Amino acid sequence: MLMSQIGFGVKFGNWRCYASSSSSSSSSSQSEVAVVEGGNGRISERQHIRLGLPSKGRMATDTTDLLKNCQLSVKQVNPRQYVAQIPELSNFEVWFQRPKDIVKKLGSGDLDLGIVGLDTFTEHGQGNEDLIIVHEALAYGDCRLSLAIPQYGIFENINSLEELAKMPQWTESKPLRVATGFTYLGPKFMKDNGLKHVTFSTADGALEAAPAMGIADAILDLVSSGTTLRENNLKEIEGGTVLESQAVLVASRKSLVQRKGVLDTTHEILERLEAHLRAIGQFTVTANMRGRSDKEVAERVVSHPSLCGLQGPTVSPVFGPDGEVKHYAIVICVPKKALYKSMKQLRAIGGSGVLVSPLTYIFDEETPRWRRLLSTLGM
Ligand SMILES: Nc1ncnc2c1ncn2[C@@H]1O[C@H](COP(=O)(O)OP(=O)(O)OP(=O)(O)O)[C@@H](O)[C@H]1O
Ligand SMILES: O=P(O)(O)OC[C@H]1O[C@H](OP(=O)(O)OP(=O)(O)O)[C@H](O)[C@@H]1O
Ligand SMILES: [Mg+2]
């Protein structure tokens, strides 16, 4: 049996897409040769747990930086070596791969865990139920997958997907031509939104040039600042956002359930990620408060909801030189964005000597995402 990969245009109802598919033909030769993409989806004999990280592109450095901030530094001997270690995690390998290959290798059983953009995960995961999102908000790699059309010509007054769909120009013989690298999500989005008469063409980079070159009418691509669209006289439209994306931690369900140690290691990585990400947005604030008792000081503090901290204020007596207690020290966590407001509120209720320090980790009793993961796995 000879398997080959071919690309072809397929038509579903009134909309078409380009997809790749396997075709097979029998070989007359005695020896059998099979070409398959990736592995075979089975749990292989290997012992090490494998995490796939982006080998290049804008996600690469941010990903290793995030892990470093979680005290999970990746030790790579040199940048061209694709395997690395995280010494904190035993029996563990990091494999640097292109983001889309991370998703494919999770599906084929060659990786157990991975960090990629949600856009890449959704595009290349294609609804595969073996792939699970363990942490959906790693707080970097923010962008959105958006449909964009020219600001000029027949599109000048078109500002929504609905208006685009209603344009008389698109017919079965002359469909709206969309250039994209997202050939799974693009057609799915059009179908979900009832757009007929759409064709997709694949392109890998500098997509924003396609409309001006006459190759496409619209593009479907990632947008973050919007500069590339603007500079190429393109615009986003209402209802044209396919997906909001950021970096996510993903895993293979099979690996989590069947491979020894994957679940425990995932728990540890998840705890560290959550503790770090929760702490990023907060400051620890200590202040001295004049007061008659710890209870009275606590009541004054909690009368301002923004000063309540995680579980309420910690209040401790401050002993003066005469052994008398006239002040109490309070310790609270304050959202970074609310720092100045909180500091003014503290002053207003008798706070002085306000000290502000960064927070490194907040470990809760249990991470909510761990519960969710166990329930997804039916445990
Ligand atoms: N402005 C942006 N454009 C593209 N991707 C972005 C942007 N901002 C964040 N990302 C995220 O970064 C991921 C990797 O994008 P990047 O362009 O660096 O690599 P790539 O697309 O794999 O490589 P290449 O562009 O060379 O094909 C995207 O999948 C997305 O999740
Ligand atoms: O909204 P902006 O901040 O302008 O970013 C969007 C651009 O960034 C990405 O391209 P990238 O730089 O990855 O180049 P590529 O086209 O080669 O992928 C994306 O494909 C857009 O072209
Ligand atoms: Mg890119």
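**Close-up views of a predicted model**

**View 1. Valine 83 sits in strand E4 (residues 83-84).** Strands (E, at least two residues) and helices (H or I, at least four) are DSSP runs, numbered from the N terminus. Valine 83 is partly exposed, with a relative accessible area of 24% (buried means under 20%, exposed over 50%, partly exposed in between, with a 1.4 Å probe and protein chains only). Leaving aside residues up to four places away in sequence, valine 83 touches Glu93, Val94 and Trp95 (contact means heavy atoms within 4.5 Å). Its C-alpha atom is separated by 22 Å from that of lysine 254, 171 residues apart along the chain.

**View 2. Helix H10 (residues 294-302) has Glu296, Val297 and Val301 as its buried residues.** Seen down the axis of H10, they fall within an arc of 135°, so they line one face of the helix (the arc is that of the directions from the helix axis to the C-beta atoms). These buried residues pack against strands E14 (282-290), E15 (314-319) and E16 (325-335).

**View 3. Helices H9 (residues 262-280) and H12 (residues 368-376) have axes that come within 9 Å and cross at roughly 150°.** Axes are lines fitted to C-alpha atoms, for helices over the stretch in contact, and angles run from 0 to 180 degrees between N-to-C directions. H9 and H12 are therefore roughly antiparallel to each other (angles over 145 degrees). Leu263, Thr266, His267, Leu270 and Glu274 of H9 meet Pro368, Arg369, Trp370, Leu373 and Leu374 of H12.

**Notes.** This is a predicted model: local features need pLDDT of at least 70, side-chain atom pairs count only at pLDDT 80 or more, and totals for chains, interfaces and linings use all residues. Residues are numbered from 1 along each chain as its sequence is written, chains are lettered from A and ligands numbered from 1 in the order in which they are written, and side-chain values use heavy atoms, leaving out hydrogens and water.

How values were computed
Parallel < 35°, antiparallel > 145°, perpendicular 65-115°, else oblique.
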